[in-house]
Amino acid sequence: MQLSDFLWQEVRSAEERIETARHSRVFPGEGVHSDKVAEMVRQLDEMGYRGDYSFEVFNDDYRQIPLPVVAERARRSVKWITGLVSRRSLPARRKPA
């Protein structure tokens with residue numbers, strides 16, 4: 001399941017929607033639709049969804065921000081998602097022998 005969010009409530013025209021989708025998405029939990037994204041994730045979990053979540057984020061501003069800053073934003077979004085569905089977690093890392 002691919003997730004993203006936007007910084008504004010409404011995009012009025014079809015052209016604006018296309019432009020927004022191609023250039024202005026933000027990580028889940030960063031935009032104005034966080035409550036709706038959270039509700040969707042919770043409902044999917046209640047319905048039995050056990051697949052992975054990935055981020056579908058296209059943002060021209062992120063190209064100008066240092067990669068570690070963007071990676072930290074992504075990490076915060078992962079923590080936000082896993083906080084919504086608390087029983088999910090990444091497998092524990094095994095230490096090399």
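Ser34 has its place in helix H2. The model you are looking at is a predicted one, so let us take this residue as the way in. Ser34 has 13% relative accessibility and therefore counts as buried, since the cut-off for that label is under 20%. Leaving aside residues up to four places away in sequence, Ser34 touches Asp5, Gly29 and Trp80. Ser34 and Leu7 are 27 residues apart in sequence, and their C-alpha atoms are 10.0 Å apart in space.

Helix H2 covers residues 34–46, and Asp45 lies in this helix too. Asp45 counts as buried because its relative accessibility is 10%. Its side chain has a partner: Asp45 makes a polar contact of 3.0 Å with the side chain of Arg50.

| Residue | Relative accessibility | State |
|---|---|---|
| Ser34 | 13% | buried |
| Asp45 | 10% | buried |

### The overall layout

Stepping back, the protein has 3 helices and 2 strands. Along the sequence they follow the pattern β-α-α-β-α. Of the 97 residues in the protein, 28% are buried. The accessible surface comes to about 7,400 Å², and carbon and sulfur atoms account for 53% of this surface.

Which residues of H3 are buried? They are Val70, Ala74, Ser77, Ile81 and Leu84. These residues cover an arc of only 75° around the axis, so they sit on the same side of H3. The general rule behind such a pattern is that an α-helix has 3.6 residues a turn, so residues three or four places apart point the same way.

What do the buried residues of H3 pack against? Their partners are strand E1 (2–3), H2 and strand E2 (54–55). The face turned away from the buried side of H3 carries the exposed residues Pro68, Lys79 and Gly83.

### The aromatic rings

The protein has 3 aromatic pairs. One of them joins Phe27 and Tyr62: the ring centres are 5.4 Å apart and the planes are at 15°, so this pair is stacked, because planes under 30 degrees apart count as such. Phe27 lies in the loop between helix H1 (14–23) and H2, whereas Tyr62 lies in the loop between E2 and H3, so the pair ties together parts that are 35 residues apart in sequence.

Are Phe27 and Tyr62 buried or exposed? Both are buried.

Notes:
Residues numbered from 1 in each chain as written. Predicted model: local features only at pLDDT ≥ 70, side-chain atom pairs only at ≥ 80, totals over all residues. Heavy atoms only, no water. Helix = DSSP H or I, 4+ residues; strand = E, 2+ residues; numbered from the N terminus. Buried < 20%, exposed > 50% of the residue type's maximum accessible area, 1.4 Å probe, protein only. Polar contact = N/O pair within 3.5 Å; in protein donor to acceptor, adjacent residues only side chain to side chain. Arc of directions from axis to C-beta. Contact = heavy atoms within 4.5 Å. Areas by Shrake-Rupley, 256 points an atom, 1.4 Å probe, with all protein chains shown as cover. Phe/Tyr/Trp six-rings, centres within 6.5 Å; stacked < 30°, edge-to-face > 60°.
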